[in-house]
Amino acid sequence: MTKTTTPQPTPAELGILTVLWRLGPATVREVHAALEHPVGYTTVLKFLQIMTEKKLVRRTESGRTHVYQPVVTEETTQRRMVSDLMDRAFGGSSARLVMQALSTKPASPEELREIRRLLDGLNGDSR
């Protein structure tokens, strides 16, 4: 039995998904207006059509306009992308991934506190 999963989004698709996660269900016009990197309206429309076929988003009709919304959550997408990166680039080692990430861009004091809380929770430490 094969497991069917949603494909990984391309960088451009991830940009559109990020807008949809922030806005919620939106029209092509709303997504186009909210994108950080300007692209043409018809380009956004084409991407959303492709993303619908790939089951990254679903489309519903509201009058004469189509409204798009993501199929998977931001957290689920991030977890899948990190898992894929960890497997492909770090031999499945979460420690190597984290060490490389922290050496590339140091974490803020707040982020370090959150990382410490996560690590303590994984170890069952209740400091």
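Modeller: Helix α4 (residues 74-90) and helix α5 (residues 94-104) have axes that come within 9 Å and cross at roughly 95 degrees. Helices are DSSP runs of H or I with at least four residues, numbered from the N terminus; axes are lines fitted to C-alpha atoms over the stretch in contact, with angles from 0 to 180 degrees between N-to-C directions. The two helices are therefore roughly perpendicular, a term for angles of 65 to 115 degrees. The model is predicted: local features need pLDDT of at least 70, side-chain atom pairs count only at pLDDT 80 or more, and totals for chains, interfaces and linings use all residues. Residues are numbered from 1 along each chain as its sequence is written, and side-chain values use heavy atoms, leaving out hydrogens and water.

From α4, the contact (heavy atoms within 4.5 Å) takes in Val82, Leu85, Met86, Ala89 and Phe90. Ser94, Arg96, Leu97 and Gln100 take part from α5. These residues divide into 6 nonpolar, 2 polar and 1 charged. Here Ala, Val, Leu, Ile, Met, Phe, Trp, Tyr, Cys and Pro count as nonpolar, Asp, Glu, Lys and Arg as charged, and the others, Gly among them, as polar.

α1 and α3 pack at about 90 degrees, with axes 10 Å apart, which makes α1 roughly perpendicular to α3. Ala12, Glu13, Ile16, Leu17 and Leu20 of α1 meet Phe47, Leu48, Ile50 and Met51 of α3. By class, this contact has 8 nonpolar, no polar and 1 charged residues.

Methods. Angles under 35 degrees count as roughly parallel, over 145 as roughly antiparallel, 65 to 115 as roughly perpendicular and the rest as oblique.
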